[in-house]
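Dear colleague,

I am writing to hand over a structure that may be new to you. Please find it below, followed by an account of what was found in it.

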Amino acid sequence: MNAPTPPRDAATDPAAPMRFAVSHASPEAFVADGLRPYFEYRDLGIRASTGGAAVMHVIRARGGHQATGEWHRHAVQLQLVYVLRGWVRFEYEGVGEVRLEAGSCVHQPPGIRHREIEHSADLELIELVLPADFETTPA
């Protein structure tokens, strides 16, 4: 008798199967337990459906909180940010300050040193990162 085949991890195996996912807007879906305390995060189900190969969430400004502006880096393969509403100002090493507004998209290359300077109270954006679990380090 053969031992069962262990599930393949999509984060490390590009041939691993991915599952269908759908996420509907709901105010209750936002939680304040993400990477930054001044944001609320709404998971879009991509982490689970890709087996950890990617994560995608809607991020919105959390009332009464502002960016703290620490320089940092992410150990990622891909990071995209698309602004849905409001604006946000980042600073990137080798690039300078960049203001993103509704409709703006930025690709942050892997490991680029950056920081958020400030954002509007109504900021809402989508972020896509590969892999889902990644390290963030002060820089």
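Over the ring of which residue does the charged end of arginine 113 sit? The ring is that of tryptophan 71, and the charged end of arginine 113 is 4.2 Å from its centre. Please bear in mind that this is a predicted model, and that the distances and angles in this message are computed from it.

Turning to pairs of aromatic rings, the count comes to 2. In one of them, phenylalanine 39 and tyrosine 41 have ring centres 6.5 Å apart. Their planes stand at 85°, and an angle over 60 degrees counts as edge-to-face, so this pair is edge-to-face. Phenylalanine 39 has a relative accessible area of 8% and is buried; tyrosine 41, at 10% relative accessibility, counts as buried too. Phenylalanine 90 and tyrosine 92 also form an aromatic pair, with 5.7 Å from centre to centre and 40° between the planes, and this pair is tilted. Phenylalanine 90 is buried at a relative accessible area of 9%, and tyrosine 92 counts as buried at 5%.

The strands may be described next. An open sheet is formed by 5 strands, in the order S1-S2-S9-S4-S7, and their pairing is antiparallel. At the edges are strand S1 (39-43) and strand S7 (105-107), each of which pairs on one side only. From one strand to the next, the twist averages 20°. In general, the strands of a sheet pair through backbone hydrogen bonds, in either a parallel or an antiparallel way. Here, strand S4 (residues 78-85) pairs with S7 in the antiparallel sense over 3 bridges. Within this part of the sheet, valine 81 has valine 106 in S7 as its bridge partner.

Finally, I would draw your attention to threonine 50. This residue is found in the loop between helix H1 (46-49) and strand S2 (55-61). Is threonine 50 buried or exposed? Its relative accessibility is 8%, and a residue under 20% is called buried, so threonine 50 counts as buried. A polar atom of the threonine 50 side chain lies 2.8 Å from the backbone oxygen of isoleucine 46. The backbone nitrogen of alanine 54 also lies 3.1 Å from a polar atom of that side chain.

With kind regards

How values were computed:
Residues numbered from 1 in each chain as written. Predicted model: local features only at pLDDT ≥ 70, side-chain atom pairs only at ≥ 80, totals over all residues. Heavy atoms only, no water. Phe/Tyr/Trp six-rings, centres within 6.5 Å; stacked < 30°, edge-to-face > 60°. Buried < 20%, exposed > 50% of the residue type's maximum accessible area, 1.4 Å probe, protein only. Lys NZ or Arg CZ within 6 Å of the ring centre and 35° of its normal. Helix = DSSP H or I, 4+ residues; strand = E, 2+ residues; numbered from the N terminus. Polar contact = N/O pair within 3.5 Å; in protein donor to acceptor, adjacent residues only side chain to side chain. Pairing = 2+ DSSP bridges. Axes fitted to C-alpha atoms, helices over the stretch in contact; angles between N-to-C directions.
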